Amino acid sequence: MLDDKLLRELGTLKDQVRFSKKFTIDKDFDNVVVAGMGGSGIVGRIFSELYSEKPVEVVSDYQLPKYANDRTLVIGVSYSGNTEETISVLNQAQKNNCITVAITSGGKISGMGFQTVLIPGGLQPRSSLGYMLMPILSTFLDITNNVRDATFERLKNMDEDHSKEEMLALEIFKGQRIPVIMGFFPFSWVAYRWKTQFNENSKIMAFSNYFPELNHNETMAIGDTFRRDMFEYIAFRGSSNNRIEKRIEETSKITGVDFYQVTAEGNSIIEKLFFLVHYGDYVSYHLAKLRNVDPQDVSKIELLKKRLA
Ligand code: F6R
């Protein structure tokens, strides 16, 4: 029998958008480095598309960039607080006198001595995107209560009815297809989030790219690749840039391949963002059920961490 713990975790996302803790940054800074891996690393990536007042670099590796100094804000994001790559970057940030802060549910990072937003524990990191993202967004962007409430309602509706997501999962399952998710600004990294959810929840390979970049490479391959029918192309729709919308339509025509279309619903970027995130969450969850694999299981990731400890 499948353990539905992941389903229950997905149902907490709506409450997570109301999480209101944030950072107090009282020193001026020139640039931002966000460090994190996997389900925590996606937080910096999504933030980097929403915030462009200052340069943001996302590090999903061991090394702090050389330029980082006392005018660099370094934000470490690690759900467990024990991820060695993130700890390595945070250690270097402290040595370089960077303005260093973190988001975690505990672990070693919570004891490193800098400002930390503590979030609730007990979930899978990838099920805690709201808890990890909202403190950063609330610190740097103006997220009104109206936006939080509307997002809550939209996610609640999705929790009550995810039959469309199940249909897409069924299509992928029946064709035994590899999803290729095509995003666009400011949701390019949401497409990547879908990819990682397919990897971890459904245990299948998946890929992502974004318009307009994919018009300069993948467009040549979509209709002509080996095993053309092996791929399920999923295109986000609803860009506010009509050039992007035109590109999506023309790309489908030129390549002769129909894209499964998922239109971002909502009245704000935040609402649309969480809509798309949650849509992908449910598709990957249903695909896991259809494949009879446990969506919660990340034992190989954990085993690797143990072997390296
Ligand atoms: C997601 C997941 C992984 C972790 C990653 C980093 O659910 O299990 O992608 O997010 O291994 O670990 P944390 O998030 O604890 O820093």
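## Pockets

A pocket is an open set of points on a 1 Å grid over the protein atoms alone, with protein on both sides within 12 Å along at least five of seven lines, and its lining residues have an atom within 4 Å of a point. Grid points are joined across faces, edges and corners, and a volume is the space filled by probe spheres set on the points. The model is predicted, so that local features need pLDDT of at least 70 and side-chain atom pairs count only at pLDDT 80 or more, while totals for chains, interfaces and linings use all residues. Residues are numbered from 1 along each chain as its sequence is written, and side-chain values use heavy atoms, with hydrogens and water left out.

The second largest pocket holds about 270 Å³ of space. Its lining has 13 residues, of which Met 158, Lys 164, Glu 265, Phe 275 and Tyr 279 lie nearest its centre. At least two lining residues come from each of α6 (145–160), α7 (163–175), β9 and α10 (269–291), where helices (H or I, at least four residues) and strands (E, at least two) are DSSP runs numbered from the N terminus.

The largest pocket has a volume of about 740 Å³ and is lined by 27 residues, with Met 37, Thr 83, Glu 85, Ile 301 and Lys 305 nearest its centre. Among the elements that give two or more residues to this lining are α3 (38–50) and α4 (84–95), but α11 gives the most, with 5 residues.

## Cavity

A cavity is a set of grid points where a 1.4 Å probe fits but cannot get out. There is 1 cavity of 30 Å³ or more, and Leu 10, Leu 13, Arg 126, Ser 127, Leu 129, Arg 193 and Asp 281 line the largest cavity.

## Domains

The protein is divided into domain 1 (5–143) and domain 2 (146–291), with bounds that come from an automatic or database domain assignment. The C-alpha centres of the two domains lie 25 Å apart, and 25 residues of domain 1 are in contact (heavy atoms within 4.5 Å) with 29 residues of domain 2.

## Sheet

An open sheet of 4 strands has the order β7-β6-β8-β9 with parallel pairing, two strands being paired if DSSP finds at least two bridges between them. The edge strands, β7 (207–211) and β9 (260–263), each pair on one side only. Strands β6 (residues 178–184) and β8 (residues 231–237) are joined by 5 bridges, and Ile 178 has Phe 231 as its bridge partner in β8.
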